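Reader: Let us go through this model feature by feature. Start with the contacts between chains, please.

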Amino acid sequence: MNLEVTQEKALELSDVHVTIRGSHILQGVNFGIEPGVVTGLLGRNGVGKSTTLRSIVGLVPRVGSIKLFGKEISNLKAHEVIRSGVSFVPEDREIFSTLTVLENLKLAERDKQPNYDIVYNLFPELLKRKNQRAGTLSGGQQQMVAIARALLNNSNLLLVDEPTKGLAPRLVTEVADALEVAAKSATILLVEQNLPLVKRIAKNIIVMDQGVVVHSGSPMDLENADFAQRMLGVSGGSH
Amino acid sequence: MEIFITLFITGVGLGALYFLVAAGLSLIYGLMDVLNFAHGAFLTAGAYATWYFTTYVRADGSLTSYAISLLIAGLVGALFAVATEQILIKYLYNRHIDQALVTVGLGFVAASAYLGWFGTDPLVVLPPVDLYNVVQIGDAFVGLDRFLYIGVAAIVLLANFLMLRYTRIGLIIRAGVENRNMVTALGIDVRKAFTFVFFIGGFAAGLGGALATTYASGVGPTLGDSFLIYAFITVVIGGMGSVPGTAIAAVLVGTTQVLVNYYVQGLGDFVVVLLLALVLLVRPQGLLGKVVR
Amino acid sequence: MNLLPSKYRFVPVVLMLLAAVSVFTPVVDDPGLQQTFAVAFLFAALALTYDLLLGFTGLLSFGHSLFYAAGAYGAAYAMARWEWQIIPATIFALFFATAIALFTGATALRVKGIAFAMVTLAFAEAGHVIATLNLWGLSNGDITLQLRPESVPEFFLGVNNTRNLFLLSLITLAIIYLAVWWLTQSSVGRVWQALRENEERVSVLGLRPFSFKLIAFVLAGVMAAFVGVVAVIVTNNANPSMGSTGTTISLLLMVILGGIATRWGAVIGGVLYVVLSQRLTTLNTEGALSSFPEWIGGPMSEPAFILGVIFILVVMFSPGGIAGALYRLKMKFGSSVK
């Protein structure tokens with residue numbers, strides 16, 4: 001770290017620890033992300049990426065400091081963290097399958113004037129199916145609901161956990177488009193295994209291993225096949 | 001046949017009382033994973049409130065007084081329930097076993113407090129004489145009070161449905177039953193919904209208590225507990241967290257119990273228990289419920 | 001004490017206890033008090049068997065009273081109706097309880113957590129209904145099934161022999177304590193405790209959680225049944241309230257009050273519960289509470305009220321119960337006491 005980094009971070013984690021049922025999952029996570037850009041959070045399965053996001057939201061008991069634009073949020077409850085302008089798109093979507101699409105969106109309303117236009121423009125499909133029970137949607141459509149819930153409100157931080165997991169290539173593009181639109185107005189921390197997508201939209205990357213951050217840099221680093229193999233366990237950088 | 005009709009409607013009436021207790025239990029469990037063993041105490045509180053009101057405040061035996069006493073009983077149950085949530089349950093957040101244990105303790109304490117205040121013997125509560133009328137259906141005669149239970153339970157069921165379907169708190173409850181954590185991850189303070197379900201659950205139980213004094217011709221310290229076990233069975237059969245499932249199960253349990261008790265002397269309670277075991281084995285999540293964890 | 005391997009540390013404790021009791025017993029020459037303690041020891045033993053499920057295996061059963069009642073009724077029935085002697089009647093009762101435990105356990109263990117609690121509650125309630133309503137003429141209902149005097153040795157009969165009943169209960173408690181101690185130290189016991197902490201890890205090891213839980217359920221049931229048999233001798237009858245949910249709930253209170261998963265916590269909880277229940281009642285009849293205003297004096301005269309309040313406080317503020325509180329004290333002052 002050099003001294004020119006004086007700009008306020010959108011999000012800064014210092015020495016964050018999470019222990020769940022006796023397992024020490026996060027073992028002192030430190031990183032900061034720049035405001036206004038997409039930062040990719042990478043790493044092999046089970047190194048604590050999702051737990052990191054959940055600890056930021058406050059869905060898991062955490063110790064350490066988490067600052068959102070300079071304001072300490074690690075002492076807040078989950079709903080208070082969200083209300084201070086954070087939106088969360090969890091892994092596996094976690095949409096409410098017994099509610100309709102519209103009810104899912106309604107539940108997510110935080111702002112006085114939730115932005116349904118942006119949602120329906122990005123995902124016209126959801127407008128058509130707004131009275132359908134969300135549990136009967138396809139996986140891709142469910143992911144749209146999950147992302148739409150986050151885009152409905154003005155957020156200063158968007159936490160997105162593996163949005164393209166299990167999606168067909170066409171839908172991956174659609175999700176990427178949606179994230180790019182979202183990136184215009186919010187800072188995004190994106191957990192993602194799809195490296196081409198990361199390279200396309202992320203400005204910075206953070207790599208985790210075994211509960212700590214082991215690297216932070218630019219997506220260009222992923223071009224180095226040896227780096228990718230060592231850090232992420234994937235063979236071949238970009239090809 | 002006449003006897004069957006009389007028994008059947010009596011069974012539905014008993015089921016209606018079970019429903020009033022079970023609806024709150026089901027919502028509380030569905031939303032918070034708290035198995036509320038103190039729910040019988042809420043019912044008993046409502047029953048004693050009815051006794052007090054119709055004995056000391058307005059002992060004129062009129063239908064109006066009775067109606068007011070129902071309302072008061074509901075409120076007493078609701079206040080008791082909210083106090084329970086605010087004083088005990090709230091501080092054991094996410095400690096589900098401890099929450100259940102605390103309600104076990106509270107039920108225990110409440111039953112002995114009632115015993116200390118009101119004695120062992122049931123206190124007689126006299127409903128308005130009009131409720132002793134019988135209604136003729138074909139050749140069968142059915143006590144009017146049975147229809148009162150069914151009517152009150154139907155109103156509660158309808159109110160519940162409207163609340164769950166058309167209000168924001170209802171939306172939050174339905175979502176919370178499915179995935180509580182995700183509700184908070186959308187920026188909603190789900191604990192307000194907890195207090196609310198305790199309020200409505202306590203209200204329904206209190207109402208049930210008032211009506212139970214008519215069904216059982218009085219109130220004793222363990223009135224609630226005797227309903228509680230069958231209300232539990234109703235909830236599990238119907239499916240935790242599903243109010244419609246609870247309603248169906250309540251009718252099933254009430255009619256089975258009354259009919260079998262009549263035709264096969266005394267075996268009704270036993271058969272209901274077997275029914276529960278059967279349902280759980282075939283469909284562990286109950287008739288209409290979320291998966292029981 | 002350090003001369004013994006840690007495995008056998010309990011031996012001196014038990015010996016000291018037995019010595020204390022044998023010195024103590026002749027002094028307590030009051031049959032009433034002896035009877036109280038006899039019952040207290042039986043409940044302590046019963047609480048231990050419940051702790052085997054709740055504390056050591058993590059199974060919250062609301063139906064444990066079923067096995068206590070099954071043992072009591074099994075033995076009382078064999079003696080009263082078939083005129084069997086106590087030993088064969090006991091063996092019959094244990095087999096009877098085993099069969100019930102196997103059936104209900106195998107059924108209930110198909111579901112977990114609260115649902116398991118509900119199914120066990122329902123089974124126990126079914127048993128309670130049979131006993132209360134005297135279905136199929138099995139139980140004599142509220143008249144209770146009396147102990148047939150001819151079936152038991154004479155030294156267990158009559159007020160003059162209450163001291164022997166006291167000793168019988170104490171020995172029963174010691175047997176159950178040793179059995180639970182041995183079981184929880186055994187390799188099976190370690191699997192139980194692993195199950196309590198994390199079931200998945202156990203299945204990953206290739207062990208079948210269901211089988212181990214069933215073993216715990218049946219063993220706890222059989223031991224409870226044994227206590228039930230002794231209870232018939234001590235209290236002279238088998239009665240429906242033995243099988244009530246209230247009985248299970250009081251076991252729950254004893255274990256939590258004393259301290260879960262500590263063995264002697266259950267013993268302390270059981271003895272305290274029974275003795276307090278009886279002493280508090282005496283206190284009341286002596287008029288000790290007459291100075292209180294009636295609205296608080298009424299409930300205070302009910303031992304269950306005070307015990308229930310203590311129970312709630314323990315759950316909320318002292319999760320380890322009495323044993324846990326003592327342990328914390330020991331930790332705090334441990335260095336100076338050593």
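Author: 34 residues of chain C are in contact with 35 residues of chain B. Two residues are in contact if their C-beta atoms, placed from the backbone, lie within 7 Å. This is a predicted model: local features need pLDDT of at least 70, side-chain atom pairs count only at pLDDT 80 or more, and totals for chains, interfaces and linings use all residues. Residues are numbered from 1 along each chain as its sequence is written, while chains are lettered from A and ligands numbered from 1 in the order in which they are written.

Reader: How many residues of chain B are in contact with chain A?

Author: 14 residues of chain B are in contact with 19 residues of chain A. On the chain B side, α6 (168-178) and α7 (180-184) each supply at least two residues. α6(B) gives the most, with five residues. By class, this side of chain B has seven nonpolar, four polar and three charged residues.

Reader: Now chain B as a whole. What pattern does it follow along the sequence?

Author: Chain B has 11 helices and two strands. Read along the sequence, the pattern is α-α-α-α-β-β-α-α-α-α-α-α-α.

Reader: What does the radius of gyration say about chain B?

Author: The radius is taken over C-alpha atoms, and the globule rule is 2.2 Å times the number of residues to the power 0.38. For 293 residues, a compact globule would have a radius near 19 Å; chain B has 19 Å, which agrees. The C-alpha trace of chain B spans about 60 × 45 × 35 Å along its principal axes.

Reader: On to chain A. What is the order of strands in its open sheet of four?

Author: Two strands pair if DSSP finds at least two bridges between them. The order is β2-β1-β4-β5 (chain A), with antiparallel pairing. β2 (23-33) and β5 (71-72) of chain A stand at the edges, each with a single partner strand, so one side of each is left without a neighbour in the sheet.

Reader: Which residues can I use to check the pairing of β1(A)?

Author: Eight bridges join β1(A) to β2(A). There, Leu13(A) has Phe31(A) as its bridge partner. The hairpin of these strands has two residues between them, and Arg21(A) takes a positive phi near 45°. β1 (residues 11-20) also pairs with β4 (residues 62-68) of chain A, over six bridges. Glu12(A) has Lys67(A) as its partner in β4(A).

Reader: What lies across this sheet?

Author: Helix α1 (residues 49-57) of chain A lies across β1, β2 and β4 of chain A. The helix runs at about 75° to β2(A). Axes are lines fitted to C-alpha atoms, for helices over the stretch in contact, and angles run from 0 to 180 degrees between N-to-C directions.

Reader: Are the faces of β7(A) covered or open?

Author: In a regular strand the side chains alternate between the two faces of the sheet. Both faces of β7(A) are covered. Leu157(A), Leu159(A) and Asp161(A) are buried on one side, Leu158(A) and Val160(A) on the other.

Reader: Which strands pair with β7(A)?

Author: β6 (residues 86-89) of chain A pairs with β7(A) in the parallel sense over four bridges. Five bridges join β7(A) to β8 (residues 187-191) of chain A, also parallel. The chain crosses from β7(A) through helix α7 (residues 169-183) of chain A to β8(A), and this crossover is right-handed. That is, with the strands pointing away from the viewer, the path from the first strand over the helix to the second runs clockwise.

Definitions and conventions. Nonpolar A, V, L, I, M, F, W, Y, C, P; charged D, E, K, R; others polar. Buried ≥ 20, exposed ≤ 12 C-beta atoms within 10 Å, placed from the backbone.
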